[in-house]
2 protein chains.
Amino acid sequence: MLQTRVIAPAQGAYQFPLLIKRLLMSGSRYEKTREIVYRDQLRYSYPTLNERIARLANVLTEAGVKAGDTVAVMDWDSHRYLECMFAIPMIGAVVHTINVRLSPEQILYTMNHAEDRFVLVNSDFVGLYQAIAGQLTTVQNTLLLTDGEEKTAELPNLVGEYEQLLAAASPHYDFPDFDENSVATTFYTTGTTGNPKGVYFTHRQLVLHTMGVATVTGSIDSVRLLGTDDVYMPITPMFHVHAWGIPYVATMLGLKQVYPGRYEPDMLVRLWREEKVSFSHCVPTILQMLLHCKTAQNEDFGGWKIIIGGSALNRALYEAAKARGIQLTAAYGMSETCPLISCAHLNEELLAGSEDERITYRIKAGVPVPLVEAAIIDGDGNFLPADGESQGELVLRAPWLTMGYFREPEKSEELWAGGWLHTGDVATLDAMGVIDIRDRIKDVIKTGGEWISSLDLEDLISRHAAVREVAVVGVADPQWGERPFALLVVHEGASIDARVLKEHLKPFVELGHINKWAIPSQIAVVTEIPKTSVGKLDKKRIRVDIIEWQASNSAFLSTL
Amino acid sequence: MLQTRVIAPAQGAYQFPLLIKRLLMSGSRYEKTREIVYRDQLRYSYPTLNERIARLANVLTEAGVKAGDTVAVMDWDSHRYLECMFAIPMIGAVVHTINVRLSPEQILYTMNHAEDRFVLVNSDFVGLYQAIAGQLTTVQNTLLLTDGEEKTAELPNLVGEYEQLLAAASPHYDFPDFDENSVATTFYTTGTTGNPKGVYFTHRQLVLHTMGVATVTGSIDSVRLLGTDDVYMPITPMFHVHAWGIPYVATMLGLKQVYPGRYEPDMLVRLWREEKVSFSHCVPTILQMLLHCKTAQNEDFGGWKIIIGGSALNRALYEAAKARGIQLTAAYGMSETCPLISCAHLNEELLAGSEDERITYRIKAGVPVPLVEAAIIDGDGNFLPADGESQGELVLRAPWLTMGYFREPEKSEELWAGGWLHTGDVATLDAMGVIDIRDRIKDVIKTGGEWISSLDLEDLISRHAAVREVAVVGVADPQWGERPFALLVVHEGASIDARVLKEHLKPFVELGHINKWAIPSQIAVVTEIPKTSVGKLDKKRIRVDIIEWQASNSAFLSTL
């Protein structure tokens with residue numbers, strides 16, 4: 001390490017730790033009438049948010065929660081979740097945001113692995129909790145969350161009901177300072193194999209991520225994604241990377257915030273209309289669902305800015321959203337990255353270019369957020385050129401990446417091999433630094449010595465007028481190693497078969513966009529494509545289904 | 001300290017230090033054609049900026065500069081200064097930005113006190129440097145900066161000329177990682193008494209300040225102060241708090257940047273027009289000068305966004321600028337605070353209010369930037385209420401405050417008494433958290449047991465049509481302790497005397513805005529008001545002048 005000049009602070013100087021409590025100041029200072037809204041159940045102002053956070057801190061402290069303890073939350077997206085995202089870390093504890101869409105066995109695993117001491121349970125999950133309660137090894141107390149009238153439930157060691165306890169608690173809490181490298185949040189990410197893995201983020205990381213997001217959303221090309229006059233509603237769950245960290249940003253900027261509970265499309269559209277929502281974030285499949293839901297049919301979504309991520313954004317969806325007035329901005333990140341890594345940004349030349357070219361860049365993963373460093377490497381860990389052609393695993397350095405998987409030293413070392421975080425994504429980088437995600441490493445289809453990106457193929461197939469949704473996976477083939485297989489959902493009244501799809505793809509082969517091995521020789525047309533608990537295409541499940549259909553010669557299949 | 005959960009990073013995990021080199025990535029990545037412009041002398045793109053910074057790092061390293069050394073710069077605002085603001089800290093050294101408007105004795109003092117090892121000297125300052133060179137105790141080498149043809153000068157231990165050395169150096173430098181708490185910059189601030197005091201900022205502080213500024217400029221109320229499509233030109237000197245840190249922000253966002261050299265109003269207006277400048281920052285006196293310069297007379301400055309700080313902004317100047325198309329945003333900070341602390345921000349209610357009320361809030365110091373904590377205290381250190389009435393010394397906590405004065409333990413302890421940075425400014429805070437600076441503690445006029453804010457009085461006096469500029473100071477009075485004295489510059493062809501001024505102020509007494517003791521019984525009308533080296537009213541000097549005029553019964557004086 002270089003011998004730089006490091007001066008000890010003056011006697012009495014306050015060394016400012018980057019703590020989550022510092023994000024809570026703006027709204028309560030100068031946007032006092034701005035509201036936090038929970039469906040049609042509750043609305044209150046920022047000063048009340050601060051007060052409720054202090055009350056919750058007192059409730060937890062009185063229930064025995066100590067700094068360093070882990071407190072789990074099982075709830076839909078609500079004002080309560082927002083309060084937990086502040087109060088729990090602000091007393092020095094760790095909030096474990098439980099993915100309620102995992103199987104009971106997986107939830108049980110994560111709760112024991114995270115060593116949860118205290119659990120806040122929504123009444124909708126009481127049955128689920130009861131089923132695993134007997135096997136929980138570290139939980140001491142529970143607290144009931146409810147939208148209904150019932151103020152108790154059959155929960156072991158129940159401390160009480162959230163609103164009743166808050167009402168009885170003191171609205172003052174002197175939140176302490178502590179090490180900014182203290183863990184603030186944790187949650188589990190599920191891979192295709194093995195147990196869920198716990199990622200974790202510190203106060204410092206979350207504060208820096210919040211400022212990084214605000215920097216980007218305030219300055220991006222010709223767009224101003226977030227001003228203090230925006231109204232925010234999340235459409236990715238709070239249990240999933242803290243709703244992409246945007247509740248922290250919205251609170252820091254003092255925005256009106258709208259929490260929709262469960263993600264029922266009609267409710268989302270109604271809240272959007274009634275609360276004048278102008279800023280959201282979601283994954284492509286949810287946006288798809290939104291655009292097609294009944295309530296949305298006659299809506300002009302003009303002025304709604306949505307950050308889209310989680311999976312690649314295809315041109316068809318971008319254009320469909322745009323036709324409805326929605327301004328989409330693609331972004332990239334993952335559970336391990338807090339999550340924001342990059343965001344579509346059009347530089348001066350691209351902004352002046354053709355609409356077609358602009359869209360090409362609007363749907364890519366975009367350029368790294370300030371401070372973030374991105375590179376691509378080959379299988380041996382060699383850096384590859386940023387030439388827009390070379391494909392390699394995307395690796396990252398940034399101030400807000402998980403420093404490992406909780407109590408998984410081997411997987412952690414793998415994640416951080418060579419001092420870079422390995423994303424498991426195959427990407428190209430162009431000369432502008434634009435990241436273009438080509439595929440998950442494990443989803444790339446290896447056929448006849450060629451690599452075919454399942455994402456590229458999904459994009460081309462989605463351009464056929466009949467196609468509403470598509471997933472492409474590789475299936476084992478004795479001759480070619482693997483062959484692409486397309487799973488399709490078609491629009492009402494439309495139809496497609498393997499031959500029609502081949503005709504649709506042929507011109508792209510002729511243009512050199514794909515090689516001829518990329519044309520699927522077998523497809524299946526279904527009514528729904530399996531999704532993971534966070535709304536991504538569940539390719540693991542799709543592969544299992546295909547094997548079953550092929551074995552039973554299912555009617556879903558269409559073969560060339 | 002609380003026992004929170006702190007987890008050691010995984011084997012191999014990269015712990016991201018907040019270093020200035022990280023701010024340099026965006027422009028060179030995706031705004032490659034954006035330019036850095038130096039007057040009509042030079043223009044180049046971001047990739048060239050990165051390359052030149054690497055070349056400069058090599059020049060310095062080869063000249064023997066080591067991590068921990070202090071490197072001084074004596075230059076006008078230029079591309080070279082920008083390069084120094086990156087290259088010097090990026091090799092682990094400290095850049096000392098010398099205030100070239102100080103007296104030679106003061107410059108000598110600061111250079112010896114800062115222990116400067118290496119000095120970059122603009123040819124305009126060679127004479128000045130020669131005059132003090134014999135008394136410099138730590139300087140080993142010098143380097144010549146020049147816009148002209150001459151590539152050498154009579155400088156002791158001259159290494160060479162900047163452009164020639166850069167051209168000969170390698171364009172590659174592998175900038176190292178090191179402790180983010182390493183000092184990156186230092187400069188000296190002059191008080192009314194004693195020697196200049198050295199403040200200093202670390203890499204961590206400058207990165208956080210940069211993100212804090214970007215957060216604010218991107219999200220402020222209805223305004224978008226900075227988008228990546230803006231063109232930046234500083235109009236506060238780079239030696240003064242790194243041009244308020246905005247060059248770092250502009251570089252992080254990849255903006256076109258225009259450096260004007262010396263602050264000649266006609267040149268500034270010409271650069272503004274030709275380079276399409278849309279974002280600047282300056283102090284009120286410079287703005288005044290700009291609006292009145294010859295070249296500006298027929299210009300419509302529509303779309304020019306200017307952050308104004310350094311001294312209070314009065315309504316008359318705000319309106320004059322607005323009438324010319326300039327959108328002013330008031331901000332507050334000081335040398336000790338890096339500098340940004342607060343920025344005018346109108347919340348939803350104020351934006352919906354009357355134009356008159358909006359202006360009232362547009363010219364105040366504004367609300368604290370996210371993460372910044374502000375409070376007011378009385379003389380005994382007790383916190384005062386944020387009621388818009390109570391006046392006290394403004395004290396601060398933020399992630400980017402100087403941790404002391406260099407090698408001044410006593411003054412440092414005073415600065416940080418009670419764990420808060422003492423600004424020396426008297427302010428009120430209202431319920432919204434809006435900071436309203438009333439005066440410097442030492443400029444408050446104590447008369448007959450009442451405190452009169454010299455700033456309030458300056459604001460009211462400036463509303464008289466004849467008044468172009470005004471400074472109010474307290475002068476000793478045997479009966480009242482102190483009495484206000486007004487120093488005025490009038491518009492061409494206009495005139496004013498003490499009696500006319502009294503008639504102008506009477507209605508404000510009747511309205512209760514000021515008490516009757518606030519009406520000056522003596523004024524002076526002059527052609528120029530003395531300013532400090534950074535363009536603020538030099539009240540210390542004004543007091544000296546007044547005593548002299550009173551002793552000689554000067555013709556400048558007008559008495560009731």
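In the predicted model, the hairpin of strand 19 of chain A and strand 20 of chain A has five residues between the strands. There, A:Gly433 takes a positive phi near 85°. Helices (H or I, at least four residues) and strands (E, at least two) are DSSP runs, numbered from the N terminus. Five bridges join strand 19 of chain A to strand 20 of chain A, and the two run antiparallel. Strands count as paired if DSSP finds at least two bridges between them. One bridge links A:Val426 to its partner A:Asp439 in strand 20 of chain A. Strand 20 of chain A is largely enclosed by the rest of the structure, because five of its six residues are buried. Buried means under 20% relative accessible area, exposed over 50%, and partly exposed in between (1.4 Å probe, protein chains only).

Strand 18 (residues 392-397) and strand 19 (residues 421-429) of chain A pair in the antiparallel sense over four bridges. Here A:Gly392 has A:Ala427 of strand 19 of chain A as its bridge partner.

Chain A is divided into domain 1 (45-201) and domain 2 (444-559). These bounds come from an automatic or database domain assignment. The C-alpha centres of the two domains of chain A lie 41 Å apart.

Helix 3 (residues 79-90) of chain A has 12 residues. From first C-alpha to last, this helix reaches 17 Å, close to the 16 Å expected at 1.5 Å a residue. The expected span is 1.5 Å times one less than the number of residues. Helix 3 of chain A is mostly covered, with 12 of its 12 residues buried. Among them are A:Arg80, A:Glu83 and A:Phe86.

A:Thr110 lies in helix 4 (residues 104-113) of chain A. A:Thr110 is buried, with a relative accessible area of 2%. Leaving out residues up to four places away in sequence, A:Thr110 touches A:His96, A:Leu102, A:Tyr188 and A:Pro196. Contact means heavy atoms within 4.5 Å. The C-alpha atoms of A:Thr110 and A:Lys66, 44 residues apart along the chain, are separated by 20 Å.

In chain B, helix 2 (residues 46-62) has 17 residues and reaches 24 Å, close to the 24 Å expected. Its buried residues include B:Tyr46, B:Leu49 and B:Arg52. Just after helix 2 of chain B, B:Gly64 takes a positive phi of about 100°.

Chain B can be laid on chain A with an RMSD of 0.0 Å, by a turn of 180° and a shift of 0.0 Å along the axis. The two copies are thus related as by a two-fold rotation axis. In chain B, the C-alpha of B:Gly218 is nearest the axis, 1.9 Å from it. Copies are superposed by least squares on the C-alpha atoms of residues with pLDDT of at least 70 in both. The copies meet through the same surface, because 100% of the interface residues of chain B are also interface residues in chain A.

Residues are numbered from 1 along each chain as its sequence is written, and chains are lettered from A and ligands numbered from 1 in the order in which they are written. In this predicted model, local features need pLDDT of at least 70, side-chain atom pairs count only at pLDDT 80 or more, and totals for chains, interfaces and linings use all residues, while side-chain values use heavy atoms, with hydrogens and water left out.
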